[in-house]
Amino acid sequence: MTATHCPYCALQCAMTLTPTLTPTPVTVTVTPREFPTNRGGLCRKGWTSAAVLTAPDRLTAPLVRDADGVLVETTWDHALDVVAERIKALQASYGDDSVAVFGGGGLTNEKAYALGKFARVALRTANVDYNGRFCMSSAAAAVNRSLGVDRGLPFPLTDLGGAGAILLVGSNLADTMPPAVAHLAAARDAGGLLVVDPRRSATAQLGLHLQATPGSDLALVLALTHVVLQEGLADTSYLAARTSGAEALYRSTAAWWPERAERVTGVPAGLIRQAARVLAAAAPVHGGAGAFVLTGRGAEQHSKGTDTVTACINLALALGLPGRVGSGYGSITGQGNGQGGREHGQKADQLPGYRSIADPAARAHVAGVWGVDPSSLPGPGKSAVELVNALGTDGGPRALLVHGSNLLVSAPRLASVRERLASLDLLVVADVVPSETALLADVVFPVTQWAEEDGTMTSLEGRVLRRRAAVAPPGTARSDLAVFAGLAARLGCSASFPVSPEEVFEELRRASAGGVADYSGISWERLDAGEVLYWPVPASGHPGTPRLFADSFGTPSGLARIVAVEHQAVADDLRADAPLYLVTGRLLEHYQSGAQTRRVPELLEAEPEVFAEIHPRVAASLGVADGGLIRLRTARGSLVCPARVTLDVRPDTIFVPFHFLGVNELTNDALDPVSKMPEFKACAVEATAVGRAEVPA
Ligand SMILES: Nc1nc2c(c(=O)[nH]1)N[C@H]1C(S)=C(S)[C@@H](COP(=O)(O)OP(=O)(O)OC[C@H]3O[C@@H](n4cnc5c(=O)[nH]c(N)nc54)[C@H](O)[C@@H]3O)O[C@H]1N2
Ligand SMILES: Nc1nc2c(c(=O)[nH]1)N[C@H]1C(S)=C(S)[C@@H](COP(=O)(O)OP(=O)(O)OC[C@H]3O[C@@H](n4cnc5c(=O)[nH]c(N)nc54)[C@H](O)[C@@H]3O)O[C@H]1N2
Ligand code: SF4
Ligand SMILES: [Mo]
């Protein structure tokens with residue numbers, strides 16, 4: 001029996017794995033384990049997660065594309081030789097930056113750290129980024145700007161359990177982290193669960209629903225803040241003592257009276273006032289039980305995502321929430337290691353310890369740990385979408401190594417992604433299954449997953465957890481760490497690339513020491529002894545930091561910075577020939593690009609294909625019935641799929657999940673100027689009915 005955590009989302013539910021040795025092949029039984037975050041619960045994905053271990057098409061040997069264009073099984077030595085030789089040739093002709101690396105927020109801390117080091121030291125390339133850019137980048141950018149430290153929840157998740165009110169902006173926790181819903185119960189019972197979503201999502205059904213127009217959260221939150229200030233509900237002594245720039249708060253919200261916001265958001269002015277009052281009444285300044293403002297991808301995945309999160313932080317500050325026990329602002333991290341994945345250096349502008357790659361002191365420290373000259377480290381590289389758009393272009397990267405992402409399903413504006421990937425001289429994908437992206441690669445490395453490896457993960461609350469191996473990997477699958485080590489050696493790199501995850505963690509501790517995300521006091525020994533460790537943990541005897549910001553914020557002054565923000569329209573907004581909003585998101589049954597969960601029979605049976613949720617009024621105007629086919633067309637592409645007619649979406653909105661190849665043909669890659677987050681969540685779409693005769697065979 002092995003105690004570990006779920007392979008999927010950032011809730012990292014605790015589970016016990018029991019391998020059954022007969023009959024062969026080995027099967028694994030999953031049972032939930034009592035833990036503060038999941039309280040003995042698992043969602044359907046967690047319960048069925050072991051099926052991915054024995055997926056019939058699980059990758060078990062390296063693949064190299066032969067002269068006929070067919071991916072053929074080979075040895076590790078041969079595959080590593082092929083990749084190293086091609087990298088050397090490309091770098092000799094086109095320079096070090098001609099090879100790029102793309103990482104993932106599902107990788108363990110050890111893998112994420114080694115990936116960043118491999119890119120900077122073995123490849124000497126600036127071009128490294130990861131799928132967290134699609135996920136947490138807007139929240140991270142806003143929190144860094146306002147509060148100075150980006151830990152998704154700067155408090156334990158269980159703190160939510162005592163709150164009188166929780167404002168959820170663009171999060172559908174009931175589908176995306178079902179066991180976490182237990183922590184919303186008190187706020188819900190108190191009538192304080194407020195949910196902003198253009199859909200009547202499973203979560204919105206639990207509370208007071210503000211069914212805002214897609215892309216209008218910023219206006220809505222400015223109006224909520226307006227009400228708080230106008231009605232004298234702000235915590236003025238907190239604003240004076242703990243923030244700078246409070247006058248910007250008044251200035252930026254003054255013109256957002258609820259009636260004006262109603263015109264932009266569609267949320268009735270009375271409901272905006274009510275929501276502001278409910279939230280304020282729960283704030284400590286009014287003697288309430290505590291209040292939280294939480295954001296999810298619905299608010300963040302926009303070309304104004306950073307500013308929307310900033311407005312949410314400003315609202316929380318106006319009510320005196322951040323840094324107070326039992327209150328606060330947080331962004332709900334998504335991927336299994338979405339938190340650790342953004343701390344250890346796989347981000348384009350970052351070095352381990354959540355350090356900036358542009359900071360000379362940070363470069364000197366990390367270069368010292370790596371045993372290289374600081375001047376040899378590259379500078380900041382391109383962000384994910386910019387990186388993908390540059391592939392194969394003049395002066396852009398000509399090779400890409402992907403570890404832990406299925407870009408060909410999950411990146412925006414897929415036609416261009418497909419074209420850019422196809423234009424590469426070399427595409428290398430390390431994965432556990434032949435994902436859509438892996439099938440396009442020149443070389444595929446079969447890597448270990450979750451139950452086959454040891455390591456650490458950092459959950460949505462900043463707690464470092466142990467992942468433990470329960471079964472042997474199939475065939476010749478090896479850790480991503482072995483890919484980095486094997487290539488570094490062949491590239492003649494003298495820096496060390498250990499393949500033992502604990503050894504990598506020991507190095508990560510030193511590299512992170514003194515940084516914002518300081519892991520130097522964490523050891524596997526402490527974790528295995530059951531210690532509860534939230535970063536920063538700056539020394540071996542340090543108890544960890546469950547709650548940040550109690551005395552000061554992470555800004556140079558220690559004060560939270562109030563940054564004035566303004567509402568902006570959706571980048572690709574409604575027009576006569578595209579009169580509806582397309583919004584995208586998740587289903588309970590599938591995870592991300594679906595590479596894993598589409599290989600779990602029970603989940604695939606429950607949700608086998610892409611579909612579009614449309615309002616009955618849209619259905620009537622198109623003349624389609626439930627299950628009828630519709631064509632969705634945006635400025636970037638089109639998709640034919642069945643309609644699901646439901647009253648749960650707004651009449652101006654169509655919702656499509658992104659777990660299947662399809663909806664990202666339509667999405668917009670307009671970027672947030674600060675975070676470089678693409679606008680996954682809203683764009684203009686045209687819908688038409690499709691006659692059976694028109695359907696391609
Ligand atoms: N089942 C499942 N769970 C997951 C994942 C998964 O793929 N499947 N992925 C994990 C990851 S990586 C992440 S990032 C999290 C994401 O977790 P969430 O943020 O909860 O997930 P989403 O479904 O992407 O978006 C949440 C809601 O935003 C709404 N929305 C769309 N546009 C807007 C808008 O303009 N404003 C507002 N306010 N809402 C809008 C959608 O209708 C949706 O209900 O989930 C994690 N958990
Ligand atoms: N339209 C739309 N698009 C979206 C979103 C949206 O809401 N709407 N959400 C975005 C968000 S928040 C996210 S996080 C992204 C996620 O999208 P992706 O980056 O595509 O994420 P996954 O599908 O989790 O891909 C992870 C891949 O890594 C593999 N893998 C698992 N473990 C390992 C490992 O240890 N090593 C290696 N090398 N591989 C491994 C899996 O099999 C899988 O193929 O999608 C984004 N795309
Ligand atoms: S909520 Fe997330 S971590 Fe928990 S079982 Fe489901 S997918 Fe796994
Ligand atoms: Mo995500």
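Seven strands are arranged in an open sheet in the order 5-4-18-17-16-6-7, with mixed pairing. Because strand 5 (71-73) and strand 7 (128-130) stand at the edges with a single partner strand each, one side of each is left without a neighbour in the sheet. On average, neighbouring strands of this sheet are turned by 20° against each other, direction ignored. The description given here rests on a predicted model.

Val-429 has Val-444 of strand 18 as its bridge partner. Helix 2 packs on this sheet and touches strand 4 (63-65), strand 6 (99-103), strand 16, strand 17 and strand 18. The direction of helix 2 makes about 135° with that of strand 18.

Helix 18 (residues 480-490) is mostly covered, nine of its eleven residues being buried. The buried residues of helix 18 are Asp-480, Leu-481, Ala-482, Val-483, Phe-484, Ala-485, Gly-486, Leu-487 and Ala-488. Their packing partners include three strands, namely strand 16 (399-403), strand 17 (426-431) and strand 18 (443-446). The buried residues also pack against helix 2 (76-94), helix 3 and helix 19 (501-512). At the N-terminal end, helix 18 is capped by Ser-479, a side-chain oxygen of which lies 3.0 Å from the backbone nitrogen of Leu-481. Helix 18 is followed by Gly-492, which has a positive phi, near 75°.

Helix 3 (residues 109-122) contains Glu-110. Glu-110 is buried yet has no salt bridge. The nearest side chain of opposite charge belongs to Arg-466, 7.0 Å away; a salt bridge would require a side-chain nitrogen of Lys or Arg within 4 Å of a carboxyl oxygen of Asp or Glu. With neighbours within four places in sequence left aside, Glu-110 is in contact with Gly-455, Thr-456, Leu-481, Pro-501, Val-504, Phe-505 and Trp-524.

Strand 19 pairs with strand 20 (residues 464-467) in the antiparallel sense over four bridges.

A separate set of five strands forms an open sheet in the order 10-9-8-12-13, and the pairing is parallel. Strand 10 (208-210) and strand 13 (328-331) are the edge strands, each pairing on one side only. Neighbouring strands of this sheet are turned by 15° against each other on average, direction ignored. Four bridges link strand 12 (residues 291-295) to strand 13 in the parallel sense, and Leu-294 has Gly-330 in strand 13 as its bridge partner. Helix 13 (residues 305-318) lies across strand 8 (165-169), strand 12 and strand 13, and runs at about 175° to strand 12.

Notes: Residues are numbered from 1 along each chain as its sequence is written. Chains are lettered from A and ligands numbered from 1 in the order in which they are written. This is a predicted model: local features need pLDDT of at least 70, side-chain atom pairs count only at pLDDT 80 or more; totals for chains, interfaces and linings use all residues. Side-chain values use heavy atoms; hydrogens and water are left out. Two strands pair if DSSP finds at least two bridges between them. Helices (H or I, at least four residues) and strands (E, at least two) are DSSP runs, numbered from the N terminus. Axes are lines fitted to C-alpha atoms, for helices over the stretch in contact, and angles run from 0 to 180 degrees between N-to-C directions. Contact means heavy atoms within 4.5 Å. Buried means under 20% relative accessible area, exposed over 50%, partly exposed in between (1.4 Å probe, protein chains only). Lys and Arg count as positive and Asp and Glu as negative; His and the chain ends are not counted. A polar contact is a pair of N or O atoms within 3.5 Å; within protein, one must be able to donate a hydrogen and the other to accept it, and residues adjacent in sequence count only if both atoms are side-chain atoms.
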